[in-house]
Amino acid sequence: MDGMHPTMQAVCLRQIPQGMPQAQDFELQQQPLPEVGDGQLRMQVQWLSLDPFLRAQLGGRYAVPCPPLGSIVPGYGIGTVLEDRSGRFAVGEVVSGMTGWAEQAVVDAHVVSPVDATLAPISTAVGVLGIPGLTAWAGVRHILQPKAGQTILVSTAAGAVGSVVGQLCKAAGCRVVGIAGSAEKCAIVTDEFGFDACVSYRDADFTQQLRAACPDGIDGYFDNVGGSVLEAALSLLRLHARVVLCGLSDQYNRSERPAGPNLGPVIGARAHLQGLVVYDHLAEFSQCRSELAAMIANGTLRYREHIHDGLGSAPAAFIGLLNGHNLGKALVRL
């Protein structure tokens with residue numbers, strides 16, 4: 001490190017991925033440390049969150065625009081305040097926000113959140129107590145509205161969002177069935193997260209297994225994938241079922257959209273399909289966080305983390321996440 005020009009490591013976007021991202025789409029670089037302006041703070045990043053929505057963003061199909069080539073790959077992180085020019089935070093405080101894949105980040109102080117290290121390990125601030133947790137909580141509270149005795153189906157049930165959805169519905173007295181991508185993940189879903197059943201969408205007889213797991217149909221479905229999994233779920237809707245449309249991971253790596261599902265069963269079931277965008281619910285974050293933290297403390301909410309070490313591991317870990325190789329919330333520990 002040159003004393004005149006301090007630098008940091010960062011992962012930058014080398015090219016826009018075509019289909020499934022490749023290692024060569026990203027590049028680990030030394031970059032000059034950014035300057036801290038008024039109202040900003042500098043943080044030393046300790047944890048990075050790897051999230052499927054980044055694939056949609058890199059394809060220009062997300063709520064926020066695609067990052068320019070050569071820029072630091074966007075992503076949520078957690079770290080310690082090194083310098084503050086906002087008056088909001090003390091040096092040494094732990095905060096979370098959109099840091100990007102870098103060792104340090106300079107961010108506007110008003111867009112980062114303090115992390116309460118007494119609630120749970122700080123890594124949970126980008127997982128179960130972060131945006132994934134809020135996504136699950138808002139979808140359950142506002143759209144699924146589970147009632148005791150109902151059957152709720154959850155896709156990507158082993159993931160950071162789906163695992164919380166299922167456990168919240170279990171706590172409400174529902175029978176909960178998960179969909180995951182492997183026998184190993186299905187075992188985690190039932191054994192660790194307490195779902196009543198889980199089926200793998202990769203199995204040849206997936207639709208038959210799903211019907212067997214939901215013999216009386218479903219009262220609610222939380223969808224993170226779209227495509228054929230959504231189509232299979234829609235065929236099981238009971239009267240006045242509610243469907244949360246949250247993610248489209250089936251489409252993130254495709255250049256053209258797949259043929260749409262048949263919505264006939266939705267009409268027949270008088271079902272509600274509602275889109276969920278987590279950013280609409282940021283005002284409820286503190287309420288969500290306190291409820292979920294209390295559930296973690298009393299043992300009714302469990303979570304898993306899949307930790308990769310070193311900033312340089314982020315691209316391969318992200319590609320692994322999109323291929324379904326993660327077992328838990330995907331994180332990079334710097």
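1. Surface. The accessible surface of the chain is about 14600 Å², and carbon and sulfur atoms account for 52% of that area. Accessible areas come from the Shrake-Rupley method with a 1.4 Å probe, and for residues only the protein chains shown count as cover.

2. Basis of the values. This is a predicted model, in which local features need pLDDT of at least 70 and side-chain atom pairs count only at pLDDT 80 or more, while totals for chains, interfaces and linings use all residues. Residues are numbered from 1 along each chain as its sequence is written, and side-chain values use heavy atoms, with hydrogens and water left out.

3. Overall form. The chain has 334 residues, for which a compact globule would have a radius of gyration near 20 Å; the value of 20 Å for the chain agrees with this. That radius is taken over C-alpha atoms, and the globule rule is 2.2 Å times the number of residues to the power 0.38. Along the principal axes, the C-alpha atoms fill a box of roughly 70 × 40 × 30 Å.

4. Make-up. The chain holds 9 helices and 15 strands. These are DSSP runs numbered from the N terminus, with helices being H or I of at least four residues and strands being E of at least two. Of the 334 residues, 51% count as buried; buried means under 20% relative accessible area, exposed means over 50%, and partly exposed lies in between (1.4 Å probe, protein chains only). Among contacts between residues at least 6 apart in sequence, 67% join residues at least 24 apart, where contact means heavy atoms within 4.5 Å.

5. Charge. There are 23 positive and 29 negative side chains, and the centres of the two sets lie 7 Å apart. Lys and Arg count as positive and Asp and Glu as negative, with His and the chain ends not counted. The place of a charge is NZ of Lys, CZ of Arg, CG of Asp or CD of Glu.

6. Strands β8, β9 and β10. Strand β8 (residues 151-154) runs parallel to β9, with 4 bridges between them, and Ile152 stands opposite Val176 in β9. Strand β9 (residues 175-180) is in turn joined by 4 bridges to β10, also in a parallel arrangement. Ala180 has Ser200 of β10 as its bridge partner. Two strands pair if DSSP finds at least two bridges between them. Since 5 of the 6 residues of β9 are buried, this strand is largely enclosed by the rest of the structure.

7. The two faces of β10. In a regular strand the side chains alternate between the two faces of the sheet. In strand β10 (residues 197-200), Ala197 and Val199 point one way while Cys198 and Ser200 point the other way, and all are buried.

8. Helix α3. This helix (residues 162-171) is mostly covered, with 8 of its 10 residues buried. Val164, Val165 and Leu168 are among them. The buried residues of α3 pack against α2 (131-144), β8, β9, β11 (218-223) and α8 (285-297). Gly173 follows the helix and has a positive phi, near 95°.

9. Gln40 lies in strand β3 (residues 40-49) and is buried, with a relative accessible area of 19%. Apart from neighbours within four places in sequence, Gln40 has contacts that include Asp84, Arg85 and Asp108. Leu58, in helix α1 (residues 53-58), is buried at 1% relative accessibility. Beyond its neighbours within four places in sequence, Leu58 is in contact with Leu13, Ile16, Pro17, Phe26, Cys66, Pro67 and Phe318. Leu58 and Asp25 are 33 residues apart in sequence, and their C-alpha atoms are 11 Å apart.

10. Thr156, in the loop between β8 and α3, has a positive phi near 40° and is partly exposed at 31% relative accessibility. Arg270, in the loop between α7 (264-268) and β13 (272-275), has a positive phi near 50° and counts as exposed at 53% relative accessibility.

11. Glu284. This residue sits in the loop between β13 and α8. Leaving aside neighbours within four places in sequence, Glu284 is in contact with Leu134, Trp137 and His142. Glu284 and Ala120 are 164 residues apart in sequence, with 19 Å between their C-alpha atoms.
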